[in-house]
Amino acid sequence: MIISDNEKQKNIKALKKGQNLDLSASSNSNEDNYEKSIRPLSFDDYIGQSSIKETLKISIEASKKRNTHLDHLLFYGPPGLGKTTLANIIANELNTSIKITSAPSIERPRDIIGILMQIKEGEVLFIDEIHRLNKIAEEILYPAMEDFSIDLTTGKSQSVKTMRIPIPKFTLIGATTKAGALSGPLRDRFGIIHRLEFYTVDELAQIIKRTARILNFDIDEKGALTIAQRSRCTPRIANRLTKRCADWAIVKSDGKITQDVANDALNALEIDEIGLDVTDRALLRLMIESFDGRPVGIETLAVALGEDIRTIEDVYEPYLIQKGLIARTPRGRKVTSTAYKHLGIKQDNYQLDLF
C-alpha cells in the first residue's frame with residue numbers, strides 16, 4: 001500500500017523538525033503496531049539458519065518430553081546474524097522467561113552470583129560476548145552449569161569456609177563472535193554448539209519484506225533484492241538499510257521502495273553494490289596504497305585506519321574474507337586480486353605474493 005500524499009507531507013515536516021517519522025501506510029494502523037518489534041518470536045517466523053532451527057526444535061521437544069532443562073547452548077559467528085534472536089525464540093518455545101546480560105557488564109564476582117541467585121527453575125540466561133567473561137566469573141559459572149550450585153567462601157585466613165548453595169536448574173545460552181577465545185573448560189560445558197552462517201540474498205530479501213510488512217513500509221520484490229545484495233549477508237544490516245531506504249522513499253519519492261529508490265538511497269549512503277561502505281574501501285585502499293599490497297599486521301592496520309582492533313576483526317574482516325577480498329597469511333592480512341578488481345586498481349604496480 002502506497003503512503004498517501006498527506007502522510008508523505010506530514011513525514012517531510014516531521015523530518016525538518018527532527019521528529020520521528022510516521023511510516024504507517026494506513027490511518028487504521030496504531031502506534032502499537034508501528035512500535036512492534038521486528039524480532040521474530042518463533043521458529044516459524046525466523047528466516048534462515050534452517051539446519052540449526054531443525055536441530056534446536058528436536059532438542060527443545062526432547063527436553064520437554066524428558067521434563068528436564070535444555071542443555072546449555074553456545075552460538076558463535078559474526079555479529080548481526082541472529083544469536084540474540086535465537087535465544088529469545090528458545091525461551092519462548094520453552095514457555096519460560098529469559099534474563100539477558102553481556103560479559104563486559106559482569107565485572108565483579110557478586111555480579112554473576114547475583115544473577116545466578118535470581119534464576120528461577122527452567123529459565124534461560126543469555127550472556128552475550130561470553131568470550132569476554134573474566135576468569136573469576138567464569139570459574140563461578142563452572143559448578144552452576146554442571147551441578148546447578150554456587151560455591152561461596154566465608155571468613156578470613158584460617159577460618160575460611162566454603163559453602164555450596166544449590167540453585168534452580170536453568171539453561172545458559174552464550175553468544176560470541178570469537179569461539180576460539182573461549183577457554184576449553186567453559187566451551188566443554190556447553191552441550192549444544194552451533195555456528196551461525198552468513199545469509200543468502202534470497203533469505204535477506206525475505207527478511208526485508210517481513211520487516212516492511214511489520215513496519216508498514218511499501219516495498220516491491222526488486223527493491224527488497226537490491227537492499228539484500230548490499231546488506232553484507234547480515235540481517236541486522238538488512239533491517240537497518242531497509243529503514244534508511246524507507247526514509248528516502250518518503251522524502252524523495254512516493255513512499256514505495258523500488259529498485260531505483262533503493263539504489264539512490266544506498267548510493268547516497270556510499271554503500272556499493274556488494275555492501276562495502278566507506279570504511280571497508282578505506283581499509284582495502286590502505287592495504288594496497290600504503291603497504292604496496294604486502295601482508296600487514298592487524299595492529300598496524302588498526303593504528304593506520306584509526307579503528308579499534310576488535311572492530312576490524314569482528315565487524316569488517318569477516319565479510320571481507322567471506323567475499324574473498326582479503327586473506328589471512330602467516331605474515332598478516334593481504335588483499336587479493338578480487339579486491340584490486342573491485343576497486344578498479346591495476347595490480348601490476350603492487351606485489352602479489354600471498355606468502
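The legends below describe several close-up views of one predicted model.

In this predicted model, local features need pLDDT of at least 70 and side-chain atom pairs count only at pLDDT 80 or more, while totals for chains, interfaces and linings use all residues. Residues are numbered from 1 along each chain as its sequence is written, and side-chain values use heavy atoms, with hydrogens and water left out.

**View 1. The whole chain and its secondary structure.** The chain contains 15 helices and 11 strands, where helices (H or I, at least four residues) and strands (E, at least two) are DSSP runs numbered from the N terminus. Of its 355 residues, 46% count as buried, a word that here means under 20% relative accessible area, with exposed meaning over 50% and partly exposed in between (1.4 Å probe, protein chains only).

**View 2. The open sheet.** Five strands form an open sheet with parallel pairing, in the order β2-β3-β6-β1-β7; two strands pair if DSSP finds at least two bridges between them. Because β2 (98-102) and β7 (192-195) each have a single partner strand, they stand at the edges, and one side of each is left without a neighbour in the sheet. Strand β1 (residues 73-76) runs parallel to β7 and is joined to it by 4 bridges, with leucine 73 standing opposite isoleucine 192 in β7.

**View 3. Helix α4 on the sheet.** Helix α4 (residues 83-93) packs on the sheet, where it touches β1, β2, β3 (124-128) and β6 (171-176), and its direction makes about 155° with that of β1. Such angles run from 0 to 180 degrees between N-to-C directions, and the axes are lines fitted to C-alpha atoms, for helices over the stretch in contact. The helix is mostly covered, since 9 of its 11 residues are buried, including Lys83, Asn88 and Ile90. These buried residues pack against α3 (50-66) as well as β1, β2, β3 and β6. After α4 comes asparagine 95, whose phi is positive, near 55°.

**View 4. Isoleucine 90 and the nonpolar cores.** The largest nonpolar core has 48 residues, and Ile90 and Ile227 are those with the most contacts inside it; such a core is a set of buried Ala, Val, Leu, Ile, Met, Phe, Trp, Tyr and Cys residues joined through side-chain atoms within 4.5 Å. Not counting residues up to four places away in sequence, isoleucine 90 touches Phe43, Leu56, Ile60, Leu70, Leu73, Phe75 and Ile173, where contact means heavy atoms within 4.5 Å. Apart from this core lies another, of 26 residues, among them Ile106, Leu116, Ile140 and Ala144.
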